[in-house]
Amino acid sequence: LSIHVNNWCKIQLEHPAAGYRKIFETVEELNEPIPAKVTGVLPSWLGGSLLRMGPGLFEVGGEPLHHLFDGQAIIHKFDLKNGQVTYYRKFIKTDAYVRAMTENRVVITEFGTAAYADPCKNIFSRFFTYFRGIEVTDNCLVNIYPIGEDFYAVTETNYITKVDPDSLETLKKVDLCKYISVNGVTAHPHTEADGTVYNIGNCFGKNMSLAYNIVRIPPAQKGEFGSLATVFGMTENHFVFVEQPVKINLLKFLSAWGLRGATYMDCFESNESMGTWFHLATKDPAGYLSSHKFRTSAFNLFHHINTYEDQGFIVVDLCTWKGHDFVYNYLYLSNLRQEWEAVKEAAMRAPQPEVRRYVLPLDIHREEQGKNLVSLPYTTATAVLHSDGTIWLEPEVLFSGPRQAFEFPQINYSRCCGKKYSFAYGLGLNHFIPDRIVKLNVNTKETWVWQEEECYPSEPLFVPTPGATDEDDGVLLSIVVKPGADRPGFLLVLDAMKLTEIARAEVDTIIPVTLHGTYKP
């Protein structure tokens with residue numbers, strides 16, 4: 001079902017059968033690729049691999065992993081060649097996975113699940129383990145992206161894992177701390193056309209504070225790149241970093257390494273009075289623009305849609321969650337696996353999602369206080385200079401529906417990243433349950449929706465038609481789960497212009513939730 005609507009609320013679907021629980025269940029890896037049944041006609045030019053990362057193991061030794069971001073990493077691959085499709089998956093053989101399988105327990109603390117000392121060790125061994133600290137996880141379940149000709153599965157810590165995109169074999173664990181001055185980097189980098197990779201990480205600064213570092217990885221070799229979801233903005237000349245009111249309590253974070261039962265989630269705190277800050281930095285030469293102090297009301301942020309410069313302004317489009325309450329608190333598996341009415345009730349307590357556009361003026365020195373500094377004719381977003389030198393931002397709302405999120409956004413990345421654009425594609429979350437794919441015109445606020453009863457899709461990746469002249473000329477690739485069907489997992493191929501189905505490739509296996517991925521031509 002594909003519907004063109006201006007009011008998303010008109011086509012909300014209920015999920016009383018709670019089939020979505022199937023995407024949060026453990027699966028086994030496959031010994032070899034399995035063939036898919038293709039219906040429809042795949043574009044002749046669409047040949048390559050869709051690679052996706054996500055959790056695939058949700059309990060160890062009979063004990064559950066608690067948070068959506070705790071499940072052990074599994075890599076999925078749909079291969080498309082000459083109109084034929086195969087599906088393959090394997091667990092990433094991280095230290096967290098291998099040791100958990102060997103000892104039949106959680107050995108390394110995950111995002112929301114604590115590791116406990118081995119009960120078979122004597123009290124002296126456990127005493128020394130206590131003071132040695134809890135190890136940082138290398139469970140790379142969030143994303144996979146290329147650096148040069150190599151592919152790395154990643155999470156949000158300092159460890160990334162090199163994998164073979166053809167065989168899906170785990171090749172090498174890499175500790176970024178040995179190469180760059182960071183304690184961890186995001187799983188959402190930016191790449192330029194020449195293969196240069198930019199990412200943002202953190203390190204310990206002065207007086208026990210956290211400092212942010214922009215990291216540049218020069219291209220080893222020029223390569224082609226698929227779509228990317230990002231957590232910071234990059235234009236031709238600038239970086240934009242949004243500082244949220246949710247912080248890591250550094251003392252709690254450091255002491256957690258010595259506290260039995262502490263997790264990463266235990267270290268986050270929300271600041272009710274801080275609001276949200278936008279920070280600007282220049283790319284070349286690299287430098288932080290400390291004179292530009294942008295502030296707005298509190299919101300949570302997972303993903304940037306796009307960021308670009310226009311007539312002396314930086315336009316920042318974001319998928320936000322209103323308020324200071326930490327959205328990750330609502331992503332525990334016990335919440336997501338509830339019956340439908342309980343899922344809806346819990347989501348009503350969570351922050352409200354909203355797609356917003358903020359506009360940051362670059363030239364602020366000659367402007368008078370109290371006036372709206374934004375003069376772009378196509379937006380209602382405002383920026384007002386206050387007497388203390390800060391600029392208060394108010395957004396233009398591009399999309400809002402009650403408990404309906406436009407998340408995991410994608411654009412025509414190779415053409416539009418850092419540039420003015422018209423279309424964004426996203427995964428529709430209905431009270432946190434992914435049940436639709438959405439196209440949003442950021443200029444007119446029109447929306448198109450693909451949805452099918454009891455179907456649970458993943459982030460749609462945009463692949464442009466070779467030689468295309470229109471921004472939305474291409475296809476969207478999404479892995480969809482339809483519990484109860486004869487072939488419950490399938491690769492969905494949509495016309496990105498009309499959001500209508502072109503083809504699907506069905507396999508006889510359930511596919512658990514995936515977070516991010518890439519298309520390898």
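Lysine 162 stands opposite lysine 172 of strand S12, in a predicted model where local features need pLDDT of at least 70, side-chain atom pairs count only at pLDDT 80 or more, and totals for chains, interfaces and linings use all residues. Residues are numbered from 1 along each chain as its sequence is written, and side-chain values use heavy atoms, with hydrogens and water left out. Two strands are said to pair if DSSP finds at least two bridges between them.

S11 and S12 are part of an open sheet of four strands, which follow the order S9-S10-S11-S12 with antiparallel pairing. S9 and strand S12 (170–175) stand at the edges with a single partner strand each, so one side of each is left without a neighbour in the sheet. From one strand to the next, the twist averages 30 degrees, where axes are lines fitted to C-alpha atoms (for helices over the stretch in contact) and angles run from 0 to 180 degrees between N-to-C directions.

Asparagine 143 is placed in the edge strand S9 (residues 143–147). Asparagine 143 counts as buried because its relative accessibility is 1%, the term buried meaning under 20% relative accessible area, exposed over 50%, and partly exposed in between, with a 1.4 Å probe and protein chains only. The side chain of asparagine 143 reaches the backbone oxygen of alanine 187 at 2.8 Å, a polar contact (a pair of N or O atoms within 3.5 Å; within protein, one must be able to donate a hydrogen and the other to accept it, and residues adjacent in sequence count only if both atoms are side-chain atoms). Apart from neighbours within four places in sequence, asparagine 143 has contacts that include Met53, Tyr152, His188, His516 and Gly517, contact meaning heavy atoms within 4.5 Å.

Another set of strands is arranged around S8 (residues 84–91), which is mostly covered, with six of its eight residues buried. Strand S7 (residues 72–81) pairs with S8 in the antiparallel sense over eight bridges, and isoleucine 74 has phenylalanine 91 in S8 as its bridge partner. The hairpin of S7 and S8 has two residues between the strands, and in this hairpin asparagine 82 takes a positive phi near 55 degrees. Strand S2 (residues 34–35) also runs antiparallel to S8, joined by two bridges, and isoleucine 34 stands opposite tyrosine 87 in S8.

In one of them, the closest N and O atoms of aspartate 317 and arginine 357 are 2.8 Å apart. Aspartate 317 lies in strand S25 (residues 313–322) and arginine 357 in strand S26 (residues 353–361), so this pair ties together parts that are 40 residues apart in sequence. Both aspartate 317 and arginine 357 are buried.

S26 also holds glutamate 354, which counts as buried because its relative accessibility is 10%. A polar contact of 2.8 Å joins the side chains of glutamate 354 and arginine 356, and, leaving aside neighbours within four places in sequence, glutamate 354 is in contact with residues including Leu318, Cys319, Val397 and Phe399.

Aspartate 435 and arginine 436 form a salt bridge whose closest N and O atoms are 2.7 Å apart; aspartate 435 is buried, with a relative accessible area of 0%, and arginine 436 is likewise buried, with a relative accessible area of 0%. In the salt bridge of glutamate 501 with arginine 504, the closest N and O atoms are 2.8 Å apart; glutamate 501 is partly exposed at a relative accessible area of 33%, whereas arginine 504 counts as buried at 10% relative accessibility. Elsewhere, salt bridges that share partners join Glu29, Lys90, Lys93 and Glu169 into one network.

For the chain as a whole, there are six helices and 38 strands, and buried residues make up 57% of the 521 residues.

Terms used:
Salt bridge = Lys/Arg side-chain N within 4 Å of Asp/Glu carboxyl O.
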